[in-house]
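Subject: Structure handover

Dear colleague,

Here is the structure I said I would pass on. My notes on it follow below.

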Amino acid sequence: MTSATPISEVEQRHAYRALVRRKQWLLGLLVILLLGSVLLDLALGPASYSLDEVVQALLWPDSASAQARVVMWDIRLPVALMAVAVGAALSLAGAQMQTILNNPLASPFTLGISAAASFGAALGLAFGIKVLPVMVEYVVPLNAFVMAMLAAFLIHLLSRRHGVTAETMVLLGIALVFTFNALLALTQYFASEQAVAAVVFWTMGSLTKATWPKLAITCIAILVMLPIFVHRAWALTALRLGEDKAASFGIDVPRLRLQTLMMVSLLAALPVAFVGTIGFVGLVGPHIARMLIGEDQRFFLPASLLSGALLLSLSSIVSKTLIPGAIFPIGIVTSLIGVPFFISLILSKRRSW
């Protein structure tokens, strides 16, 4: 019986470089697909334009027609870029939640952050209640943001109790989902018919009210958080090996988990506050990235960001084409995509038990 030939250090180095190049090519492919999706999103709508007209209006607006210039820059571009930013933020938040909790079902939607934001928005839409007495014109997104952060802070406080594990934190999040959904239903019960219609439309999720200031705030949040996550890439990758293994490397696991939870909650609360409840992007995006790239945070983070952005950009395209002449609520589209994926994850996780 012959023993296997040991792999030399040079061969191992070449294999590692080949693996890195493959991951870089995949990231490049995601970027190309995302750019193509954005251009297609800009081209489609009640008034359709060719890709040449879209590119001309974007790069040489003076030579484009006045109608195409206004449609692209004032109407469609903020919406298309908001889809990219919101998808990136939610997917990045979901990726880090799944990492720190070591649970494939963790996401802003399943941990109650989206449900809390919906309840906060409903208070403003139904009764005009302002959680913060500032910026009256932004009462709905401010209410949604404050309630989402309150839900995250509540999970943070409960997780500081002795003996609370990552699994317990996920269960706490699920309990918050039911709690805020019940409060939302109670709000709708006492609201007027017009207010109920406004609340229902908001909870469906919509990019149609995207503006340049909202887009800028969302992008700033991503640009602030992403370098912090990249700086902690090694610690987060080690955490995927298990809490004991990460602790043996000198990582303060409880501190890392709680700090990351608060940051991703902020990252998830902002887009939900601006565009409404958009479910499953934070769940599906990271899993697509994980299947393509693996667990190495150096590549997993940008892959999750790009996967979520591409998923919501494609969902924006689908929302325009489902009903000709109308824009379907994008939250319904992402739910239709995400629910089968969510069920498959539950079944696969159950088999692993």
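Thr-218 counts as buried because its relative accessibility is 1% (buried means under 20% relative accessible area, exposed over 50%, partly exposed in between, with a 1.4 Å probe and protein chains only). This is a predicted model, in which local features need pLDDT of at least 70 and side-chain atom pairs count only at pLDDT 80 or more, while totals for chains, interfaces and linings use all residues. Residues are numbered from 1 along each chain as its sequence is written, and side-chain values use heavy atoms, with hydrogens and water left out.

Thr-218 belongs to helix 8 (helices are DSSP runs of H or I with at least four residues, numbered from the N terminus). Leaving aside residues up to four places away in sequence, Thr-218 touches Met-82, Ala-85, Val-86, Pro-271 and Phe-274; contact means heavy atoms within 4.5 Å.

Helix 8 and helix 11

Helix 8 (residues 212-231) and helix 11 (residues 253-275) have axes that come within 10 Å and cross at roughly 165°. Axes are lines fitted to C-alpha atoms over the stretch in contact, and angles run from 0 to 180 degrees between N-to-C directions. Helix 8 and helix 11 are therefore roughly antiparallel (angles over 145 degrees; under 35 is roughly parallel, 65 to 115 roughly perpendicular and the rest oblique). On the helix 8 side, the residues making the contact include Thr-218, Ala-221 and Met-225, and on the helix 11 side they include Leu-267, Pro-271 and Phe-274. By class, this contact of helix 8 with helix 11 has 13 nonpolar, two polar and one charged residues. Nonpolar covers Ala, Val, Leu, Ile, Met, Phe, Trp, Tyr, Cys and Pro; charged covers Asp, Glu, Lys and Arg; the others, Gly among them, are polar.

Helix 6 (residues 166-190) has 25 residues and reaches 37 Å from first C-alpha to last, close to the expected 36 Å (1.5 Å times one less than the number of residues). Its buried residues include Gly-173, Val-177, Phe-180 and Leu-184. Among the elements covering the buried residues of helix 6 are helix 3 (66-101), helix 4 (113-127) and helix 11.

The axes of helix 4 and helix 6 come within 8 Å and cross at roughly 15°, which makes helix 4 roughly parallel to helix 6. Contributors to the contact include Phe-119 and Ala-122 of helix 4, and Val-177, Phe-180 and Leu-184 of helix 6. By class, the contact of helix 4 with helix 6 has twelve nonpolar, three polar and no charged residues.

Regards

Conventions:
Helix = DSSP H or I, 4+ residues; strand = E, 2+ residues; numbered from the N terminus.
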